[in-house]
Amino acid sequence: MSVPRFIVGATATAALFVALDLACVACIFLPRYRRALGDRMRQRPSVIAAVCFYALHGAALCVLVVFPVLARDDPWERAAVMAAAGGGVLACATYGTYALTNYAVLADWPLELVLWDVPYGACLGAGVAACAVSLAYCV
């Protein structure tokens with residue numbers, strides 16, 4: 001894997017993940033969470049917690065999915081599919097852990113949020129990883 005591909009892959013992963021997730025949270029999930037959780041939600045989310053999550057999950061996507069796929073130097077189409085599969089599985093596990101833990105431990109965590117979060121996370125991870133690898137192949 002060339003250094004420029006590594007840099008593009010990491011940068012694209014971070015930028016796409018944060019931008020897409022923030023947009024979806026603001027437009028789709030925030031209203032659902034407000035409706036489901038009401039006044040149990042913070043008035044303003046914890047920026048520190050959000051930054052930590054994006055850093056951890058973005059790093060995991062890079063180290064466990066994007067970089068290994070780029071290192072294989074497969075044809076672009078195969079690389080994008082492999083990245084989508086790995087990114088989808090990793091994000092499904094991440095978002096699933098959050099949603100299912102809340103559902104398991106919190107007395108009134110709505111099942112609706114679990115059913116939205118897990119597939120959303122899988123799709124987001126798959127899309128971000130595939131796009132990051134595809135952009136890296138342009139270098």
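Predicted model: local features only at pLDDT ≥ 70, side-chain atom pairs only at ≥ 80, totals over all residues.
Student: Where does H3 bend?

Tutor: A bend at a residue is the angle between axes fitted to the seven residues ending there and the seven starting there. In H3 the bend lies at Gly-96 and is about 25 degrees.

Student: Which residues of H3 are buried?

Tutor: Buried means under 20% relative accessible area. In H3 the buried residues include Ala-79, Ala-83, Gly-87, Leu-90, Tyr-95 and Asn-102. Gly-96, where the helix bends, is also among the buried residues.

Student: Against which helices do the buried residues of H3 pack?

Tutor: They pack against helix H1 (3-37), helix H2 (47-72) and helix H4 (111-137).

Student: How many helices and strands are there in the protein chain?

Tutor: The chain holds four helices and zero strands, in the order α-α-α-α from the N terminus. Its C-alpha trace spans about 50 × 25 × 20 Å along the principal axes.

Student: What share of the contacts with a separation of 6 or more comes from residues 24 or more positions apart?

Tutor: Such residues account for 81% of those contacts. As for burial, 38% of the chain's 139 residues are buried.

Definitions and conventions: Residues numbered from 1 in each chain as written. Heavy atoms only, no water. Helix = DSSP H or I, 4+ residues; strand = E, 2+ residues; numbered from the N terminus. Buried < 20%, exposed > 50% of the residue type's maximum accessible area, 1.4 Å probe, protein only. Contact = heavy atoms within 4.5 Å.
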